[in-house]
Amino acid sequence: MIGFIGRHYRDPVVVQTLRSTAAATIAYVVALWLSNEPAPLTAPLTALLVVQVTLYSTLTTGIRRVNSVVVGVLIASGFSLLVGLSWWSLGLIILASLIVGHMVRVSEFVPEVAISAMLVLGVTRVADTAWDRVLETLIGAVVGLLFNVLFVPPVWVGTAGASIEELSRRMRRLLLSIGEELHTPTSVETAAARLHEARRLDNDVAEVDAALRQAEDSLRFNPRVKEGLLNRVVLRTGLDTLEICAVVLRVLARTMTDLAKERGEADLFPREAGLAVESLLSHVADALVSFAVLVTTQVSASAEAAERRLAGELEAAVAGRGQAAALLLAGVQAHPRHWQLHGALLAEIDRILAELDPEQRSLRLMEELDRSARETREKYPRLAAVRQWVRGRRRERSAAR
């Protein structure tokens, strides 16, 4: 067991399991001390649900959960003064709880309002039980919040970065597979299989997006992080770029499928042109991985090395693109009816190269940073004013020195 935990201590599932177990146990012990209930299970239940994998989600979830339970208890207390527990009163209290839950905006915890109300309505000493349930809920929520404040959850940037790199490698493998089939007879079924692989990249992007959202939450309110906004923007814009490239790659696979239908049993391209396009796709594939490594690298020296590799791959791809275009033009002259597909292939490769261009990325980073800063100023004007005042004081001190 210890060896398993040691190998997977950075796995979000393992971390969440251990942290939730510890917080729930502590909440139960505290509730036994403070509550009148012999088995105050509401406290560990609340702590179990409040303690999330990031501090930001714990804070937001804890507030909504406490609200949902308290509202449910208040509704049950009001109903208990007028009616007892029967089939019609149960249905009425569920309806009222769900409506009020949406009104108080507890989001995904709307059912918790009805659950709390039903549990309290079903007991005899409603007043005492209502207070005990509220107390236990508060104990569980406070323990969950303090647990994540005192034992700050890990920053999941590394996990998200690994997911982004793995996505780029899947795209690379698909591009290499397409390239290997360019100068040989390729059946429509084989080309269609590559198209299905490209379509499955949408699911991969969704999984990476979920890991990235978790990483973004782990950077919020985390005292370990100094450049949270910059890290979030770097990873988010990097994934956006790869998502665009995945869409273009799907279109490229569609183009190759159409070309396979047109060529029948013949080679997709003349051998020399096919080898040139294969080499071009190989450089594009390597550039995708280099780009992913660049956006996920935290150390300056490693980032510079990744940037040099990306620049080298892009330079080789641009040179290969010119050679492939010349050979494809000769092929078009031999098979004029395929000129649209050849042109589409080059246009799709150009789009991927444009998305990976460092200047394009720098511009996108600046735009996203400006947008995030503007939204923060508009949403929290007082906080923005305080930050501006602090920066002004620092400049004054620096000038005085």
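Valine 332 lies in helix α12; helices here are DSSP runs of H or I of at least four residues, and strands are runs of E of at least two, numbered from the N terminus. The model is a predicted one, in which local features need pLDDT of at least 70 and side-chain atom pairs count only at pLDDT 80 or more, while totals for chains, interfaces and linings use all residues. Residues are numbered from 1 along each chain as its sequence is written, and side-chain values use heavy atoms, with hydrogens and water left out.

Is valine 332 buried or exposed? Valine 332 counts as buried because its relative accessibility is 16%; buried means under 20% relative accessible area, exposed means over 50%, and partly exposed lies in between, with a 1.4 Å probe and protein chains only. Leaving aside neighbours within four places in sequence, valine 332 is in contact with Trp339 and His342, where contact means heavy atoms within 4.5 Å. From valine 332 to glycine 343 there are 11 residues in sequence and 9.5 Å in space, C-alpha to C-alpha.

Let us turn to the chain as a whole. Its secondary structure comes to 15 helices and zero strands. Of its 401 residues, 44% count as buried. Among contacts between residues at least 6 apart in sequence, 78% join residues at least 24 apart.

Next, the nonpolar cores. A nonpolar core is a set of buried Ala, Val, Leu, Ile, Met, Phe, Trp, Tyr and Cys residues joined through side-chain atoms within 4.5 Å. The largest has 63 residues, and Ile178, Met256 and Phe269 have the most contacts inside it. Helices that each supply at least two residues of this core include α8 (157-180), α10 (228-263) and α12 (300-334). Which helix gives the most to this core? That helix is α11, with 15 residues. Leaving aside neighbours within four places in sequence, methionine 256 touches Ile178, Leu182, Ala191, Leu268, Phe269 and Leu345. Apart from this core lies another, of 10 residues, among them Val71, Ile75, Ile93 and Phe109.

Finally, the surface. The accessible surface of the chain comes to about 21,400 Å², of which 60% belongs to carbon and sulfur atoms; such areas come from the Shrake-Rupley method with a 1.4 Å probe, and for residues only the protein chains shown count as cover. Leucine 92 is in helix α5 (residues 87-103). Leucine 92 is partly exposed, because its relative accessible area is 39%.
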